[in-house]
Amino acid sequence: MTATPSPIARSELILGGQKSGKSRRAELLARDWLAQSPQHSALLIATAQPWDDEMRARIQRHQRDRAARVPGLATLEEPLDLAAVLQRESTPHTLIVVDCLTLWLTNWLMPADSAALPLAENSEPNPTPVPAWKAQAALFSGAIAQAPGPVVLVGNEIGLGVIPLGREVRAFVDALGQLNQQMAQVCARVTLMAAGLPLTLKDTA
């Protein structure tokens, strides 16, 4: 069972492995925010895309489960431009949940409908300029820092296992590690989830 969240921070990054309780913690934060005032609203920005039947079924199941657990949590799908959505939707009375950063990065680096974008600045054999995802991450970091309402980010920590085979997979793991570090710097609180239990890594809220 996921522990009761700490008081809501201005911004929080929740990291964890698969089924670690990270999304549930974000939902509990949204539930608590909604309970604080009738003027409060909560919006989940979903980055997942229905690439196949299994993914479509998974997304539908998550939508049903969220609606049952947190009825007041609205959902908006945005696979790429998180900065623009946050700037448009954030208000002092609105808590924004982004779930999740890992799929957002996947959408940029391995889009299902086109060739993958450059994975790293110095990937062989053709070094590339700063990848598009890094520019987008910088814009998103700025939007988080300037958001008038609380922001909760959900992402995967996948760098604790063995070094993966394949240049593309290793580059993705490296990129995700860089993204997580960048978001951790801008967020007031960073929480690591394991077995449904939160471990606070940073708290300047």
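Predicted model: local features only at pLDDT ≥ 70, side-chain atom pairs only at ≥ 80, totals over all residues.
Residues are numbered from 1 along each chain as its sequence is written, and side-chain values use heavy atoms, with hydrogens and water left out.

An open sheet of seven strands, with mixed pairing, runs in the order S3-S2-S4-S5-S1-S6-S7; strands (E, at least two residues) and helices (H or I, at least four residues) are DSSP runs numbered from the N terminus, and two strands pair if DSSP finds at least two bridges between them. Strand S3 (73-77) and strand S7 (197-203) each have a single partner strand, so one side of each is left without a neighbour in the sheet. On average, and with direction ignored, neighbouring strands of this sheet are turned by 20° against each other. Strand S2 (residues 41-46) pairs with S3 in the parallel sense over five bridges, and isoleucine 45 has leucine 76 in S3 as its bridge partner.

Helix H4 (residues 101-109) packs on the sheet, touching strand S1 (11-16), strand S4 (94-99) and strand S5 (151-156), where contact means heavy atoms within 4.5 Å. The direction of H4 makes about 70° with that of S5; axes are lines fitted to C-alpha atoms, for helices over the stretch in contact, and angles run from 0 to 180 degrees between N-to-C directions. Helix H6 (residues 167-186) lies across S1, S5, strand S6 (189-194) and S7, and runs at about 150° to S1.

The largest pocket is lined by 31 residues, of which Lys22, Ser23, Arg58, His62 and Asp99 lie nearest its centre. A pocket here is an open set of points on a 1 Å grid over the protein atoms alone, where a 1.4 Å probe fits, with protein on both sides within 12 Å along at least five of seven lines, and lining residues have an atom within 4 Å of a point. H2 gives the most to this lining, with nine residues.

Most residues other than glycine have a negative phi, and most peptide bonds are trans. Aspartate 99 and cysteine 100, however, are joined by a cis peptide bond with omega of about 5°, and cysteine 100 lies in the loop between S4 and H4. Lysine 19, in the loop between S1 and H1, has a positive phi near 55°.
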